[in-house]
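Student: Hey, I've just opened this one and I'm new to it. Could you walk me through what I'm looking at?

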Amino acid sequence: MDKKTLESFKELLLKERERLAVEAEKANKEFQILGEDRPIESEEKASVNIVLDVLAKLRDQGNKELKGIEDALTKIEAGAYGMCEECGKNISEARLKVLPTARLCINCKEIIEKREKIDLLPEKIKAPQKVSLEEYTNLSDEDLTETIFEQLEEDGRVDTSNLEVLVQAGRVFLSGSVSSEADRQIILQLIPDNIGITDVEDKLEVAESIYIADEADSKPLDHLELDDDLEEIDEEDLDLD
Ligand SMILES: [Zn+2]
């Protein structure tokens, strides 16, 4: 990353830190006003408690964001800004423009998210019954191709619309594209696991990284995307008047 780009990220982070500090002060004041000792009706008390709850959540989220910004600023000083904490590769500038506090590259983030999603699934879906190898040993190459698509469809996690599968003499050739590195890993795992074919030639392309770079490149630098939840609470519930 060149110096000028790095400087612009630093500026962005400092600006966001300032905004959060103002928000925090505002929330603190609301806290004080609401928390003051005064005689109130029990019904009023219930709604005050709800607002206090929302404010506490906001404060926690604000603190979390603030921590993310501090960490990013520390990394800038240390010359380690923009490096994925998982794989050590550079996070794309396009991604950092959207999320300057990003800790992970898009591939690692997706893989982790998918893993988390799978962990939330009921045990039955998470570990599908292993199909016995014998079931497939007598299939023709065409039938094996069809079976691979069937298994992927049944699995449901990967969009197979741009995937091309060719089986020749029991060997699988993968080409075309999938939307993420995580999708590719799922396919590469499913074929040996579910069908028993370990001879897989992988020529898959990952389409999404190209797409994201194009999209984010056109976004202006001077805005930060907030957590949707925070923005919603901010506007609807903070207005106590
Ligand atoms: Zn990574």
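**Two packed helices**

Tutor: Let's start with helix H4 (residues 106-120) and H8, which pack at an angle of about 55° with their axes 8 Å apart. Axes here are lines fitted to C-alpha atoms, for helices over the stretch in contact, and angles run from 0 to 180 degrees between N-to-C directions.

Student: So what do you call the arrangement of H4 and H8?

Tutor: H4 and H8 are oblique to each other. Angles under 35 degrees count as roughly parallel, over 145 as roughly antiparallel, 65 to 115 as roughly perpendicular, and the rest as oblique.

Student: Which residues make the contact?

Tutor: H4 brings Asn107, Glu110, Ile111 and Lys114, and H8 brings Glu181, Ala182, Asp183 and Ile186. Contact means heavy atoms within 4.5 Å. By type, the residues of this contact are three nonpolar, one polar and four charged. For those classes, Ala, Val, Leu, Ile, Met, Phe, Trp, Tyr, Cys and Pro count as nonpolar, Asp, Glu, Lys and Arg as charged, and the others, Gly among them, as polar.

Student: Where does the model come from, and how are residues numbered?

Tutor: It's a predicted model, where local features need pLDDT of at least 70, side-chain atom pairs count only at pLDDT 80 or more, and totals for chains, interfaces and linings use all residues. Residues are numbered from 1 along each chain as its sequence is written, and side-chain values use heavy atoms, with hydrogens and water left out.

Student: What about the largest nonpolar core, how many residues has it got?

Tutor: That core has 18 residues, and Ile148, Leu163, Val165, Val172, Leu174, Ile187 and Ile191 have the most contacts inside it. Helix H7 (141-155), strand E1 (163-168), strand E2 (171-178) and helix H8 (181-195) each supply at least two of its residues. The largest share, five residues, comes from H8. A nonpolar core is a set of buried Ala, Val, Leu, Ile, Met, Phe, Trp, Tyr and Cys residues joined through side-chain atoms within 4.5 Å.

Student: Now the strands. How do E1 and E2 run?

Tutor: E1 and E2 run antiparallel, joined by six bridges. They form a hairpin with two residues between them, and alanine 169 in the turn has a positive phi of about 50°. Strands pair if DSSP finds at least two bridges between them.

Student: And which residue in E2 is opposite valine 165?

Tutor: Leucine 174. On the E3 side, leucine 174 stands opposite aspartate 202. E2 and strand E3 (residues 200-202) pair in the parallel sense over three bridges.

Student: One more: is phenylalanine 149 buried or partly exposed?

Tutor: Phenylalanine 149 counts as partly exposed because its relative accessibility is 23%. You'll find phenylalanine 149 in helix H7. Leaving aside neighbours within four places in sequence, phenylalanine 149 is in contact with Thr160, Leu163 and Val165. Phenylalanine 149 and valine 165 are 16 residues apart in sequence and 8.1 Å apart in space, C-alpha to C-alpha.

Key: Buried means under 20% relative accessible area, exposed over 50%, partly exposed in between (1.4 Å probe, protein chains only). Helices (H or I, at least four residues) and strands (E, at least two) are DSSP runs, numbered from the N terminus.
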